[in-house]
Amino acid sequence: MYGFIDLIKSDLYRYRGESSLKAFLKTYIGYRLYRLMFWNRFASLLKRKRIFVFAYITKKIYQNICRRSGVELPLTVKIGYGCKINHGFGLVVNSQTVIGNNVTLIHNLTFSKEKGKAPVIGDKVRFSPGAIIVGGVIIGNNSVIGANCVVTKDVPENDIAVGIPNRCLGRKYVDHDERYYC
């Protein structure tokens with residue numbers, strides 16, 4: 001498991017491309033969704049350490065930020081380092097979902113449990129708006145999920161999934177923009 005400071009720095013790096021104190025203050029003040037990730041990490045840490053009074057207070061702060069952001073991201077979700085949320089509104093994540101490292105989450109995205117199984121997301125996965133991930137599917141590393149795609153089957157590594165239900169295009173996604181991977 002990563003340390004709290006490492007997680008905060010990696011998230012900051014995804015938002016800013018640097019991880020200095022000045023960048024932290026600018027990002028914390030300027031980006032509501034970075035603030036959400038910060039309080040998610042902090043509340044999860046205090047819950048794990050069983051510091052109940054402070055855990056309760058941080059949880060309430062976190063829930064308030066979630067409500068204002070239109071994000072439903074329970075503290076029980078396992079999130080790797082370098083998570084970035086773009087736009088946030090309509091983001092709903094099941095409490096048993098596992099999210100890998102350097103994942104980009106976007107608005108109107110839903111992760112739902114089916115038959116007792118929740119999705120498992122690999123590293124460097126990029127989602128497009130409106131995607132729905134259903135059940136215990138596994139999305140491989142370096143994959144892209146297309147807009148309004150309903151993922152009901154596993155997505156292999158380095159692939160692009162599109163359609164309802166999803167079908168994989170079988171070609172590697174080439175990333176043309178710098179997304180500050182940690």
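**Strand pairing, a buried helix and local backbone geometry**

In the predicted model described here, Val120 has Ile138, a residue of strand 11, as its bridge partner. This bridge belongs to the pairing of strand 8 (residues 120-121) with strand 11, which runs in the parallel sense and rests on two bridges. The two strands are part of an open sheet in which four strands follow the order 2-5-8-11 with parallel pairing. Strand 2 (78-79) and strand 11 (138-139) stand at the edges of this sheet, and because each has a single partner strand, one side of each is left without a neighbour in the sheet.

Helix 3, which covers residues 32-48, has 17 residues and reaches 24 Å from its first C-alpha to its last, a span close to the 24 Å expected at 1.5 Å a residue. Of its 17 residues, 12 are buried, and helix 3 is therefore largely enclosed by the rest of the structure. Just after helix 3, the backbone at Arg50 takes a positive phi of about 60°.

Most residues other than glycine have a negative phi, and most peptide bonds are trans. Asn102, although a residue other than glycine, has a positive phi near 55°, and its place is in the loop between strand 5 (98-99) and strand 6 (104-105). With a relative accessible area of 4%, Asn102 is buried, the cut-off for this class being under 20%. A positive phi of about 55° is also found at Asn148, which is not a glycine and which lies in the loop between strand 12 (144-145) and strand 13 (150-151). Finally, the peptide bond that leads from Ile164 to Pro165 is cis, with omega near -15°, and Pro165 is located in the loop between strand 14 (160-162) and strand 15 (167-168).

How values were computed: Residues numbered from 1 in each chain as written. Predicted model: local features only at pLDDT ≥ 70, side-chain atom pairs only at ≥ 80, totals over all residues. Heavy atoms only, no water. Pairing = 2+ DSSP bridges. Expected span 1.5 Å × (residues − 1). Buried < 20%, exposed > 50% of the residue type's maximum accessible area, 1.4 Å probe, protein only.
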